[in-house]
Amino acid sequence: MNRKLIWIPIIISFIVFATLCKTDFSVDAMDNTQNSVRKEDKCPCPRGQDPLLRESINDLKEKGTLTEDDIKNIDSYMIKEAQTKMGRIFFGVLCDGMGGLSNGELASATVIRAMEQWFETDFPQLLVHTTDAEEVLEKVKNDWHVIANELNVQLARYVEGTGNRMGTTIVTLLLIKNQYFIMNVGDSRAYALSNQVYQLTKDQSLVQQQIDLGLVRPEDAERHPQRNVLLQCIGASQEVLPDFYRGTVFPGSLFLLCSDGFRHEISEQELYMQLQPSVLTTEEMMKERLVYLTELVKSRMEMDNISAVVMKTVQEG
């Protein structure tokens with residue numbers, strides 16, 4: 001019997017749900033301690049110097065997600081869907097901005113805007129020339145690497161001469177055929193949940209580096225005083241060296257993209273208990289569980305921003 005995978009996407013950010021964006025088109029780790037940046041660094045700076053940044057500001061204001069008096073969450077996120085000759089393709093992105101409230105929002109929104117433009121403009125052109133999965137993913141990897149470094153330069157120029165820095169993490173997830181493809185810069189994460197929780201990405205952080213060197217125990221990471229120090233981010237690194245991951249998508253799996261604020265105060269066991277794929281049979285249940293986890297994190301006095309994107313595979317036929 002021929003069976004297909006379909007996706008149920010959910011986004012949550014402080015219990016504000018975003019709708020699925022659809023795009024229809026048819027086509028015939030490094031040692032960088034000296035350049036580390038703290039996510040809570042403040043860097044007020046003048047706006048409006050770069051066209052892409054100005055577009056991001058205007059876009060956020062038009063959508064009502066950015067106001068002068070209410071810049072609360074400096075995460076940005078997106079899910080896109082496209083119907084192609086390779087089948088339905090889903091693209092999720094989550095960023096966690098840093099550099100003060102307004103600048104963190106601007107950095108993350110600028111990166112989201114660039115990735116959205118890539119998916120709507122460059123990706124369809126890529127599929128014009130090939131539909132071979134291996135070739136497509138290799139080209140996607142090259143595109144994402146270039147975009148990350150171009151944005152790194154743009155954001156750095158924006159604060160040039162101010163003595164300040166701004167930047168953002170990014171984790172992307174492309175679901176194509178029966179494969180997932182991920183890019184990660186910073187400490188936002190991608191997880192897969194099936195019979196257990198699988199962390200798909202590794203943090204580009206000082207604490208993770210110390211864990212790898214045997215200097216810090218994994219169980220002490222979430223309470224480490226330097227847990228917010230990143231080795232990589234877009235906007236404050238000399239060069240961005242993303243990590244890439246790929247693997248097989250199985251029916252009934254759930255994918256989670258989240259900022260570090262979502263996961264600091266909950267265990268993987270709690271995560272699995274609430275997001276166990278076999279239990280989440282409806283979209284409403286997925287929303288309810290994400291709301292519960294968000295409230296749980298907030299009740300435990302998490303001070304960082306909280307965002308999560310969830311996509312679940314469902315078998316048809």
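User: In the hairpin of β7 and β8, how many residues are between the strands, and which residue takes a positive phi?

Analyst: This is a predicted model. The hairpin of β7 and β8 has two residues between its strands, and K177 takes the positive phi, near 55 degrees. K177 is not a glycine, and its place is the loop between β7 and β8.

User: Is K177 buried, partly exposed or exposed?

Analyst: Relative accessibility decides the class: under 20% is buried, over 50% is exposed, and values in between are partly exposed. K177 has 45%, so it counts as partly exposed.

User: Which strands pair with β8, and in what sense?

Analyst: Take the two partners in turn. Strand β7, residues 170-176, runs antiparallel to β8 and is joined to it by seven bridges. Strand β12, residues 243-248, also pairs with β8 in the antiparallel sense, over six bridges.

User: Which residues stand opposite Y180?

Analyst: Y180 belongs to β8 and has L175 opposite it. G247 in β12 also stands opposite Y180.

User: How should I read the side chains along a strand such as β8?

Analyst: Start with the general idea. In a regular strand, side chains alternate between the two faces of the sheet. Now the case here. Q179, F181, M183 and V185 point one way from β8, while Y180, I182 and N184 point the other way.

User: Where does M301 lie, and what is its phi?

Analyst: M301 lies in the loop between α7, residues 283-299, and β14, residues 307-316. Its phi is positive, about 70 degrees, although M301 is not a glycine.

User: Why is M301 called exposed?

Analyst: The cut-off for exposed is over 50%. M301 has a relative accessible area of 60%, so it is exposed.

User: What does the chain contain, and how much of it is buried?

Analyst: The chain has seven helices and 14 strands. Of its 317 residues, 56% are buried.

User: What is the accessible surface of the chain, and how much of it belongs to carbon and sulfur atoms?

Analyst: The accessible surface comes to about 14400 Å², and carbon and sulfur atoms account for 48% of that area.

Notes: Residues are numbered from 1 along each chain as its sequence is written. This is a predicted model: local features need pLDDT of at least 70, side-chain atom pairs count only at pLDDT 80 or more; totals for chains, interfaces and linings use all residues. Side-chain values use heavy atoms; hydrogens and water are left out. Buried means under 20% relative accessible area, exposed over 50%, partly exposed in between (1.4 Å probe, protein chains only). Helices (H or I, at least four residues) and strands (E, at least two) are DSSP runs, numbered from the N terminus. Two strands pair if DSSP finds at least two bridges between them. Accessible areas come from the Shrake-Rupley method with a 1.4 Å probe; for residues, only the protein chains shown count as cover.
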